[in-house]
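Hi everyone, thanks for coming. Let me put the structure up and we'll walk through a couple of bits of it.

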Amino acid sequence: MDAKDILGIPKSFPASQEKKARPQKEPQRKPDGISREVYALTGGMAPLMPTIEVSHLKRKAVADKEKITWQWLPFTNSARRDSLQLYHWVRVVNGVPPTGDYQFAKYNKSVDIVKYTDEEYEKYLTDPMWTKEETDQLFDMCERFDLRFIVIADRFPSPRAVEELKNRYYSVSRALLITRAPSAADVAGHPLVKEPYSMTHEMERKRALSAVLSRTKQQELRDSEILSEAKRIMESRKASKGVESADLLDDHNDIEMTEKVTHTDSPSPSSNMQPTSTAAPSAPLTECATTPASLRMLRVYLRTHVLDQMVQAASSNAGPRTIKRVEQTLSDLGVHIKPKVPTKAVCAEHLELRKEILTLFNLQKQVHTQNSNFQYFAIVLLAICLDKSVPLCTIFLQKKCNAYIRSVV
Amino acid sequence: MLGIQKIQLSRKPPPLSGQPKRLKDVELGFPIVYGTISFWLGKKASEYNSHKWTVYVRGATNEDLSVIVKRVVFQLHPSFNNPTRIVESPPFEVSETGWGEFEIAISLFFHSDVCDKQLDLYHQLKLYPEEESGPQSTKKPVVVETYDEVVFSEPSEAFFLRVQNHPAAIIPRLPAGLNLPPPGPPEPVLEKKRGDTKDHPLGQWFMNFSEADELLKLAAARQQVQAHVVKLRRQLSMVDAFPLQSKPSSLQ
């Protein structure tokens, strides 16, 4: 029993088991074609399952009735236009030679090159870069060489780049396709329309590719060294960032939050009387703009309580180091860390100032990150440019860095 | 977590008709000053009584606070005789002599129509001047005052009407659609009870708390910070095309 039996799948045994099957038929006698030793290994035991399909045996019986001969016969190839007659050996069954076309003729594929009339050319296909004669010639050669543009470019009488030839051929084909279609929608899905040939893109692609392929071994070695060095720098930076990542993340949140707040109207005299029942803990914005609901519940509280809570809410995402720096900045600016006259207006201003300082810190961090990023890429670029060859992957970087240098200088 | 609870709390059923009507989304502020003034006794100073000091709560502009405050309880250091001092009428102050500095707890109790909850303030008694302000003198006291504002949220209508013309109160603009009955006749002043502290014997030592100065300072500081922010933003935006920042800028 095996898996196939359990699943009820019909058996089809590989040919290798056929040998085992033979002893089953005539267990008493050692069949021909099997050595005595191998037969002994089976122990003369009958296999549990029949190992040869019945249908297979039947087919063989039919085949036995066929009388196959091989004959040297003439044939013609429909793929040829010269109707040349050649001879080959043919398998003849029961004296009847096979009919029909030469079996390999179907592989003679040819491209359907569109044809245009003079009228169509005048109407849709004129191009200042191409004469009608040249275009005719191109289409003739396209047909003759089955769009093998490399060959066409080689044979073309005027010196044209492969991309130019392709561009002309595809644009003419596309224009004809569109003008002959009953509506634009009918041909919208056609590859010629859907993915039009772009000559400039193709030329840039080949240029970049050849730049990569024509690098010397040393250059390649140098590049991989630079890239691994870059990876190392990135990783070390990532590791050092991990230490203060919490702070960084926090400040980022702060900024987003304070940004939102600064975009709303500055608190009007009555703003902290707006209901805060909608202020969920996940919406610190509302929490900051109005008196915290927790205090309003008390019915009576001090203005400084409100400020303390709002300061806390505004800096709840900042690490203790950041909070300390904010307070240091406040005293550097000659502002009390806690306002001496905490009126409503003073508290609002004080809170805004703290948020702006947080924004400032975040921007400083961003500028710092950007500068160090730039320095690192500048080093990589310099190394590559000194090599006098710019590999594909850095062409893009170079452009961006040039833009950066221009903006900084 | 806490916030959610609080929000749910605020959704309690509306007050019964028997309870005083409350003004939603209105808050009344009362600027107050609390602190201590302490005089060194000089030659008269003894080991345990080197200073005479007064702790007090006053209106920030010396207006009468008894319009809201019914009683002030000063909790002194337990070494004093009868350390819990209850003051039922203005001026709300306690004078003592002593030698040590400690924290005084000041509890404000309000009139029943104002608020049934108390408000606790804490003040650190200061007897000895900072070193940079020169040696102790009997002439110049050590004054430490704190400005703050007592805020009543959702005051009762009766309370609002009673104090809306009082000089000690900061009356907000009422939210639109809130109609109040016109103020009744002014409270008859039965006796000329002077609750304010305008002629207070220690009045010359009271500090002035100028909101304008504070706002000016804050505005200057904000301007400075904003200038920096603008500068950094410009620097960042100039190289915004540079796509290799580790963090995409969320600010632009």
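So, at what angle do the axes of helix α8 and helix α11 of chain A cross? Roughly 155°, and the axes come within 10 Å. Quick caveat: this is a predicted model, where local features need pLDDT of at least 70, side-chain atom pairs count only at pLDDT 80 or more, and totals for chains, interfaces and linings use all residues. Residues are numbered from 1 along each chain as its sequence is written, with chains lettered from A and ligands numbered from 1 in the order in which they are written.

Helices here are DSSP runs of H or I with at least four residues, strands are E runs of at least two, and both are numbered from the N terminus. Axes are lines fitted to C-alpha atoms, for helices over the stretch in contact, with angles from 0 to 180 degrees between N-to-C directions.

Back to our pair: α8(A) covers residues 162–180 and α11(A) covers 199–213. On α8(A), the contact is made by A:E163, A:E164 and A:N167, and on α11(A) by A:M199, A:E202 and A:M203; contact means C-beta atoms, placed from the backbone, within 7 Å.

Now the sheet. This one is open, with five strands in the order β3(A)-β8(B)-β1(B)-β2(B)-β5(B), paired antiparallel; pairing takes at least two DSSP bridges. At the edges sit β3 of chain A and β5 of chain B, each pairing on one side only. From one strand to the next, the twist averages 20°. β2(B) and β5(B) share seven bridges, and B:V55 has B:V94 as its bridge partner in β5(B).

Last one: helix α15 of chain A lies across β3(A) and β8(B), at about 70° to β3(A).

Technical notes: Contact = placed C-beta atoms within 7 Å.
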